There are 4 protein chains.
Amino acid sequence: MNNPAKKIESQVKDKGLIETRRMEIVRAAVDLFVRKGFHKTTVREIAREFGMSVGTLYEYIRTKEDILFLVCDYIHASVRERVTPFLEPDTSSSASLKKAIDAYVRIIDEMQDYIVFLYQETKSLSPEDRKYIFGAEVKMTAIFEDILKKGVVAGEFDIPQKDIHLIAHNIMVLGQMWALRRWAVRKKYSLKKYIDLQTGFILSDIT
Amino acid sequence: MNNPAKKIESQVKDKGLIETRRMEIVRAAVDLFVRKGFHKTTVREIAREFGMSVGTLYEYIRTKEDILFLVCDYIHASVRERVTPFLEPDTSSSASLKKAIDAYVRIIDEMQDYIVFLYQETKSLSPEDRKYIFGAEVKMTAIFEDILKKGVVAGEFDIPQKDIHLIAHNIMVLGQMWALRRWAVRKKYSLKKYIDLQTGFILSDIT
Amino acid sequence: MNNPAKKIESQVKDKGLIETRRMEIVRAAVDLFVRKGFHKTTVREIAREFGMSVGTLYEYIRTKEDILFLVCDYIHASVRERVTPFLEPDTSSSASLKKAIDAYVRIIDEMQDYIVFLYQETKSLSPEDRKYIFGAEVKMTAIFEDILKKGVVAGEFDIPQKDIHLIAHNIMVLGQMWALRRWAVRKKYSLKKYIDLQTGFILSDIT
Amino acid sequence: MNNPAKKIESQVKDKGLIETRRMEIVRAAVDLFVRKGFHKTTVREIAREFGMSVGTLYEYIRTKEDILFLVCDYIHASVRERVTPFLEPDTSSSASLKKAIDAYVRIIDEMQDYIVFLYQETKSLSPEDRKYIFGAEVKMTAIFEDILKKGVVAGEFDIPQKDIHLIAHNIMVLGQMWALRRWAVRKKYSLKKYIDLQTGFILSDIT
DNA sequence: AATGAATGAGGGTTCATTCAT
DNA sequence: CATGAATGAACCCTCATTCAT
């Protein structure tokens, strides 16, 4: 999928195999982590899910926290990867924005457990890894910043240069909110309704 | 401060003493939790900070998770308690709302570590306790719903009945975002600027 | 017995209890270590021998290496303690020396397994602890240096000042040799014969 | 170099190759062992140093302990091999002895780390292997016994038949002491001075 | 003959909780 | 009510050895 900047050491030499196995590890771990939390998931459980022995698991990582990093990175990359196809310019800037927000929130809807997990366990990463993950969040935010900027240039959006950053963050948060506050928001609003309303609010802020 | 609906069992009979001691426990635990996370904080450490023995600590709680619950409850109660004084009706509904948001975000700013903690560790609570904590969040949200409703009744705000709920949540989130995304938002905006901008967006949505 | 300069941290507060328990730990560990070697002895085994749980064991030490240190210290202290009574000045310097060597070698004979162990496992100590243990060896050597010096002062021994140190070491080694090379030396010499011969050699060097 | 009496099984048929490879293994392992100790050195590390895979390594040995045996044997053989050239009879028995001791201690000085290692890790060998290594020590001791016996026969040394054995051991120990007690002895004596003094003591015992 | 990924038993250590005093 | 020593299950991780390729 992607190649984390951070290099995790491995006993195994075959690069391709490392890639494959790590993907398997992530897939095994992510659901366990989401269901039980990072701390309550055992390395043994991951290995079992992974379908291999603990020993083999440790051939591909150094510590349990490496798995957490791999998982966090995977989630972020997945979101970005899945949003990307919906980012081609549309008939108008607001159409582009609408489409992007729509795709983004729908993807979050599908990955809600993962998003919640990300919010909760990022803090268990080492400062260094945490920084890397924040970097991924920044990149994601930049996607919306770009659309907004283009809209301003096109004369379609009316936003002071300085506020663009904040609105991009607001869009990010509005998406995450669908996952983080699902216990409340879902009771009253369907996904479609939620997207419509929130998109409306954003557009009213910038036009 | 407040009396958690949920009754945590205790070996001790004296109700007043229970109250006092639990407050001490919370104060000892909260900083430890915030600094190191729930899982990485040991009961021993809490007892040491608490100034009493582990044995005594366990006279007032049943499990480590009880402490987590107590702490979560305490944080929530603190926010609500500190916001309340700023809720008296002002000259206009929008003035009331502005004042409430301002107070709310400023309090979050002061308690940012606690807010972040809440987001991260609530999941470690038992489903029952988690529900209780969500209830507290609902109550908090209701504060903003009330103000919005009053503004609608007063003819000052123009919001479909159904959207009020969402906007109240948006306000809640805008506050928490100041804590949760501080690593990004703070680089560009001062607290005052942030409040001004976000309040502006909310008002533009409802007037 | 003695109070190691080095303070090993403990979870337990009662100083007396620490002393008692550590003595029990040492006694449990020493035979296991001697029989199986340090690395092949499990902390679990020590605990079982100790008659308590692993948890309890770890209340009194920090790491397995702490046990090794305790054991090494104990062995050294035992030898010194048991030699001391035989160190009162006798009718002549050579009588004193003979008595001291005799006592020393006989004690080594009784503690031979321990002595061999000391030679083999000291290297597993941290540099700091190793230095401490060497210090004990130096003190022991000083006992013989003292006797030799007194004999020189008394005009009974004829040794250049500079050589005293080496002869003291030779005496130390002659004792340890009885333990370290028992597989060879014992086949040919009884303990008494060994002591007589070696004492003779030492005396012929210095008179 | 030499051919251990003990036959270590091997998957490989080619005898010459076995010999060569085992020599490489020893050379790879010996420094690792000396530096980190037997238990703290992993087979993986040895293979890496050896420049081949673990699999290949295991073609030439059965267990990690086989490597230890090979290394111990190698060290012993090295000492004996290097001492041998200095064993031709000299003008007199005491000249021969002096030359032998001098060579022996100098070689120990050069191989001090190895000697210390031998003392510390021999116990990790199987009883059978240990016996073999002791045999090597016996052979080495016999070298000095021979010189002493010749001196007695020549009428140059005056030692009761029975004591020869012990003196030979004393010479062995005096050499090893230079390595084992280097932390103490070296502070006061140069190698040359040490040899002179100790040789003097030995000669005074036997003439 | 050479490789190196796979194995899994077992090691040291931690820590929430209990209970005798 | 208070204490803190005792417990032991459970955790993360290592590493000698094997075996399919």
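A residue is near a molecule or strand if its C-beta atom, placed from the backbone, lies within 6 Å of it. The model is predicted, with local features needing pLDDT of at least 70 and side-chain atom pairs counting only at pLDDT 80 or more, while totals for chains, interfaces and linings use all residues. Residues are numbered from 1 along each chain as its sequence is written, and chains are lettered from A and ligands numbered from 1 in the order in which they are written.

**Exercise 1.** Find how many residues surround DNA strand E, and which are the closest.

*Solution.* Step one: 36 residues surround DNA strand E, and the closest are Val12(A), Gly55(A), Val43(B), Thr63(C) and Gly55(D). Step two: among the elements that give two or more residues to this surface are helix 3 (54–60) of chain A and helix 3 (54–60) of chain D, where helices are DSSP runs (H or I, at least four residues) numbered from the N terminus.

**Exercise 2.** Determine which helix of chain B gives the most to the side that touches chain A.

*Solution.* Step one: 24 residues of chain B are in contact with 24 residues of chain A, contact meaning that the C-beta atoms, placed from the backbone, lie within 7 Å. Step two: helix 8 of chain B gives the most to this side, with six residues.

Note on methods:
Two residues are in contact if their C-beta atoms, placed from the backbone, lie within 7 Å.
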